[in-house]
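Biologist: I would like to learn how to read a model such as this one, feature by feature. Could we go through it together?

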Amino acid sequence: MLEARDVTVRYGRQVVLDGVSLTVEPGRVTGLAGPSGCGKSTLARVLALMLRPAAGTVTVDGAAVRRWRQRAPRGLRTAVALLYQQPRLAVDPRLTLTEIIAEPLAAAGRADPGRVAALAAEAGLTGDLLGRRPHEVSDGQLQRACVARALSLEPRYLVCDEMTTMLDASTQAHLVAVVEAYRERSGAGVLAVSHDDALLARWAHHRVRLGGFEGLES
Amino acid sequence: MRAAAAALAALGLAVLLVPPLAQLDQQLVDLRSAGLPPSLAHPLGTDQVGRDVLLRSVYGLRVSFLVGLVAASASMVVGGLVGLAAGSLGGMPDRLLMRLVDGFTSVPHLLLGIFIVALFAPSPVAVVVSVGVTHWTTAARIVRSEVLSLRSRPFVEAAISGGASRSRVVRRHLLPHLAPHLLLAAVLMVPHAVWHETALSFLGLGLPPHLASLGNMINDGQRSLLAGDWWSSLVPGLFILVPTLALGVLAQHWRDRLTPRLRSELSL
């Protein structure tokens, strides 16, 4: 279980999250809704161990997180994969799509071109796109590469931060299907962050709403 | 760009080939030929003791740019490592290293350079140490600010989230983005280092007076300016200006080529 308990985050004097608790259960999709600026992305980054909260705790399958970002143990970092709203900012502009997808495997010392090709195919990327760099493909194609990259180390939890917001309906449907197939296959927990209530109504097993500083409402 | 490459290639060839092939001794004093204007025998004239200005400028280019290149490289390496450490480690190491940078930059760097070079006998090594020790702070600040900017970018966060070690993040994601900035800083540092060599030589603390460096030549030549010998300081000045401009153009081109998006646009 991926759990945030009484998490408070401040940017300077501004309180962005105030005592927020949230649980993502394995094998289930938790939908996190809320208006723009309410702290959804901040909570997603805290759950992905990329942002240390001012107060509160985060646990990954019972293991309490004590260090964050680079200092977090590698096993905990890779247990939670984060998918960003803007794929163009989430990839190194110097790398090809193949290199982007292969990056986590290479960092783990498990470079495997066959697996990279399989992940790309699963995400709907054709072979001719794999040698291209980010500026040579569309946002949708880039987000497909990001999904393939996120799944490469088979994380136990996927945090999808407005993953499909900038994409057309068919790409949106395909990427949700890819994540759903992975969830069913692996039993991973998914946190779907979105302000699209219709999408969450269809995708999430249960939904929570984050509203300003008032915490979560089920 | 082609003109810059051609100018650099010509000067490079001259620097490599002229010294071993030259019939004249660049240090030979011939007072009968002192202060001669450009002629067939001396295409760019002679200085106030009769030495050939063209030949001596080629020798000077070799010495000055070698000293400038080594000094600029040393300051880039030291400053780059300090900036990289400060930016990527953050916290207390960052604060300590940046206070060290503040300490160095608070002292006028020419004065500090004079103090350092005065500890040695006049030699190229003394100039390199002097410039290296006083100029690494520029590279440290550039690299640190760039690392801080890169560290907060989602693609670096994605690499960290994907399990990349600290060294892999630096090697794979930070250094390739830093290289163009460091390259430009290094290129701009080379003429600056040559200027320092000139200033230190003028004060009798840089290169030994007999050594043909562009700095020594300009200083020797400026004494003859009032006598109308414009060529003896203008020629070494042009020998600084031309390769500096050419290096700048090539560095700009290389920086564009190192950025894949710009490279694609350039090839359209």
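Modeller: A word on conventions comes before anything else: residues are numbered from 1 along each chain as its sequence is written, while chains are lettered from A and ligands numbered from 1 in the order in which they are written. This is a predicted model, in which local features need pLDDT of at least 70 and side-chain atom pairs count only at pLDDT 80 or more, whereas totals for chains, interfaces and linings use all residues.

Biologist: How many helices and strands are there in chain B?

Modeller: Helices (H or I, at least four residues) and strands (E, at least two) are DSSP runs, numbered from the N terminus. Chain B has 10 helices and zero strands, and its C-alpha trace spans about 75 × 50 × 30 Å along its principal axes. Of the 268 residues in chain B, 40% are buried, where buried means that 20 or more other C-beta atoms, placed from the backbone, lie within 10 Å of the residue's own.

Biologist: What does the span of α7(B) say about a helix of 37 residues?

Modeller: The expected span of a helix is 1.5 Å times one less than its number of residues. A straight helix of 37 residues would span 54 Å, but α7(B) spans only 46 Å between its end C-alpha atoms. A kink of about 45° lies at B:Leu175, shortly before the proline B:Pro176; the bend at a residue is the angle between axes fitted to the seven residues ending there and the seven starting there. Just after α7(B), B:Gly204 takes a positive phi of about 80°.

Biologist: And where does α5(B) bend?

Modeller: The bend of α5(B), about 40°, is at B:His135, although this helix of 28 residues (124-151) reaches 39 Å from its first C-alpha to its last, close to the 40 Å expected.

Biologist: How should I read the sheet in chain A?

Modeller: Strands of a sheet pair through backbone hydrogen bonds, either parallel or antiparallel. In chain A, four strands form an open sheet in the order β2-β1-β4-β5 with antiparallel pairing, two strands being counted as paired if DSSP finds at least two bridges between them. The edge strands, β2 (14-24) and β5 (63-64), each pair on one side only. Strand β1(A), residues 2-11, is joined to β2(A) by seven bridges and to β4(A), residues 55-60, by five. A:Leu2 stands opposite A:Val24 in β2(A), and its bridge partner in β4(A) is A:Val60. The hairpin of β1(A) and β2(A) has two residues between the strands, and A:Gly12 there takes a positive phi near 65°.

Biologist: Which parts of chain B touch chain A?

Modeller: Two residues are in contact if their C-beta atoms, placed from the backbone, lie within 7 Å. By that rule 19 residues of chain B are in contact with 25 residues of chain A. On the chain B side, α6 (154-161), α7 (166-202) and α10 (260-267) each supply at least two residues, and the largest share, seven residues, comes from α6(B).

Biologist: Finally, which residues have the most contacts inside the largest nonpolar core?

Modeller: A nonpolar core is a set of buried Ala, Val, Leu, Ile, Met, Phe, Trp, Tyr and Cys residues joined through C-beta atoms within 7 Å. The largest has 125 residues, and those with the most contacts inside it are A:Leu47, A:Val80, A:Leu83 and A:Val159. Helix α2(B), residues 53-89, gives the most to this core, with 15 residues.

Notes. A residue is buried if 20 or more other C-beta atoms lie within 10 Å of its own, exposed if 12 or fewer, and partly exposed in between; C-beta atoms are placed from the backbone.
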